[in-house]
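Here are some short notes to read beside the model. Keep the structure open as you go through them.

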Amino acid sequence: MLAAATRTSASVASTSASASKSLAPLISRPRRYLATAASGPCSSYLSVTHPDSSASPDSEVGKTLARFDASTLATYARPTVLLTRGKGLDLWGKVDPAKNEGQGEWKYLDFSSGIAVNSLGHADSQIAQIAREQADRLVHSSNLYHNEWSGELADRMVKLTQEHGGLGMAKGAGAKDELKVFLANSGTEANEAALKFARKHAMISANKAPGEKAGLVSFTNAFHGRTMGALAMTPNPKYQAPFAPLIGDVHSGQYNSFDGLNDLVNEKTAGVIVEPVQGEGGIFPASLEWLQALRKRCNEVGALLIYDEIQCGLFRSGTLWCHSEFPVDAHPDLITMAKPLANGFPIGAVLMNKKVADAITVGDHGTTFGGGPLASRIAHHVLGRLSDPQLKESMTASSAHLFTRLETLRDHFPDLVVHTPEKPSPRGKGLLVGLSMREPSHAGKVVKLARERGLIVLSAGSDAVRIVPSLIVTKEQVDQAVDILESCMLVLQREA
Ligand SMILES: Cc1ncc(COP(=O)(O)O)c(C=O)c1O
């Protein structure tokens, strides 16, 4: 397995050992973290403080949500809370005052960062200022003309990759390969572009007719997006079945398995797409040896290797790219990114090496919105902030603390949390962390129990609780979040 985030043996901060294993005390006002491994899990959040049913139908919020639901396609199941504002990791929701002692809103601690997006937190004031300035200057002008910011963004992304490592350049080696960037609007669009580039490259480099070397390979448990091409690479019947037929010549292999790799990736393969750490699939890191085997096989058959770093890239796993510090024989030809690149403003991008770029000519691909000056300027700023060494230092410390606290939680609840060689808990890298539940339905249950106690986390895969806070998260916030999770586990235990 790839090295997980640095785990220190430093004990969690503790001032008292008074937290009891007893489920009896229902303390409605949460207190700061006081539990230790010795003293037992935190029981301060047993009672519901933020019920999902936070609005009766005749309240103002209830009526508003009913009006919204009447005209909005129901593709999501959502609690009856209307989120209105955020700051850092805090999120406020408008609720029915009758459900909250007369208060019209309540506050959540967001450990989902809008599904691994808001790496710099909510409502960042510098980003707000930049967005305001640029919106006053130029929002859109089309890709038929240059603008002041898309080139700056591409330039910064390439230079940062040369400095931090990635796409065949080892960190600190001083190599400066010519990389190129294509800007899009979302993760799935970035993947569509990468898949198209792989097919075009195969045709040009192998001198084949269209379709002769067009095979695309992805792996079990992957998530690459919802558009037809990216969806075809997401071999999960839940997402694919209603929309068949998807694009053709797509093949699926077993993630982290060497069996049959040479047949799977063959002379007809144009591209192989893989997440170095699977996110939606349940937080599973690829093994370094397997990525090296993929790289080797792609070289043998002239296929491109695409890393989908939409969830694990851009410092979420601790380094610029998830693969930045891997040996270069495990580096890809292209990477796709999106989520945190503009901290919540829609954007996606493909970063590629010269051999890919050389196969693409004017007119091969395009987009109306991608690379617009507003999104590009925000992303340029975000990239600068994310690569600040101080942020990396504090994020590394918070990650280590999160792992330490979750290991303690796991040890408190061996009856609830899975911990096997195939599914270690906690697992992941940096601040992309998962915890598998023995009873798969408990993952969604923990998400709900936590939300009803003021903490937002996510589920992933078949049985995992996914924890992906902003990279600015503090150790104190980690303590509060894990305290709440410990109380949720106690509630689950009681129900069992
Ligand atoms: C690894 C990965 N790839 C692709 C996507 C799709 O990105 P988007 O929702 O921006 O289209 C996601 C979204 O969760 C993702 O996690």
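1. Start at the ligand. A polar backbone atom of phenylalanine 223 is 3.3 Å from a nitrogen atom of the ligand. Keep in mind that this is a predicted model.

2. For threonine 188, a backbone N or O atom lies 2.8 Å from a ligand oxygen. For lysine 339, a polar side-chain atom lies 3.1 Å from a ligand oxygen.

3. Which residues come nearest to the ligand? There are 13 residues around the ligand, and Gly187, Thr188, Asp308, Gln311 and Lys339 come nearest.

4. Next, look at helix 4 (residues 150-164) and helix 11 (residues 373-386). Their axes come within 8 Å and cross at roughly 25°. Angles under 35 degrees count as roughly parallel, so helix 4 is roughly parallel to helix 11. The crossing of these two helices is left-handed.

5. Who makes that contact? Helix 4 gives Ser150, Glu152, Leu153, Arg156, Met157 and Leu160, while helix 11 gives Ser376, Ala379, His380, His381, Leu383 and Gly384. By class, the contact of helix 4 with helix 11 has 5 nonpolar, 5 polar and 2 charged residues.

6. Now turn to helix 13 (residues 441-451) and helix 14 (residues 475-495). They pack at an angle of about 120°, with axes 9 Å apart. That angle makes helix 13 oblique to helix 14. Helix 13 passes helix 14 in a right-handed crossing.

7. Residues on both helices build this contact. Among them are His442, Lys445 and Leu449 of helix 13, and Ile484, Cys488 and Glu495 of helix 14. The contact of helix 13 with helix 14 divides into 9 nonpolar, 1 polar and 2 charged residues.

Methods: Residues are numbered from 1 along each chain as its sequence is written. This is a predicted model: local features need pLDDT of at least 70, side-chain atom pairs count only at pLDDT 80 or more; totals for chains, interfaces and linings use all residues. Side-chain values use heavy atoms; hydrogens and water are left out. Axes are lines fitted to C-alpha atoms, for helices over the stretch in contact, and angles run from 0 to 180 degrees between N-to-C directions. Helices (H or I, at least four residues) and strands (E, at least two) are DSSP runs, numbered from the N terminus. Angles under 35 degrees count as roughly parallel, over 145 as roughly antiparallel, 65 to 115 as roughly perpendicular and the rest as oblique. A crossing is left-handed if the near helix is turned anticlockwise from the far one by less than a right angle, and right-handed if clockwise. Contact means heavy atoms within 4.5 Å. Ala, Val, Leu, Ile, Met, Phe, Trp, Tyr, Cys and Pro count as nonpolar, Asp, Glu, Lys and Arg as charged, and the others, Gly among them, as polar. A residue is near a molecule or strand if one of its heavy atoms lies within 4 Å of it. A polar contact is a pair of N or O atoms within 3.5 Å; within protein, one must be able to donate a hydrogen and the other to accept it, and residues adjacent in sequence count only if both atoms are side-chain atoms.
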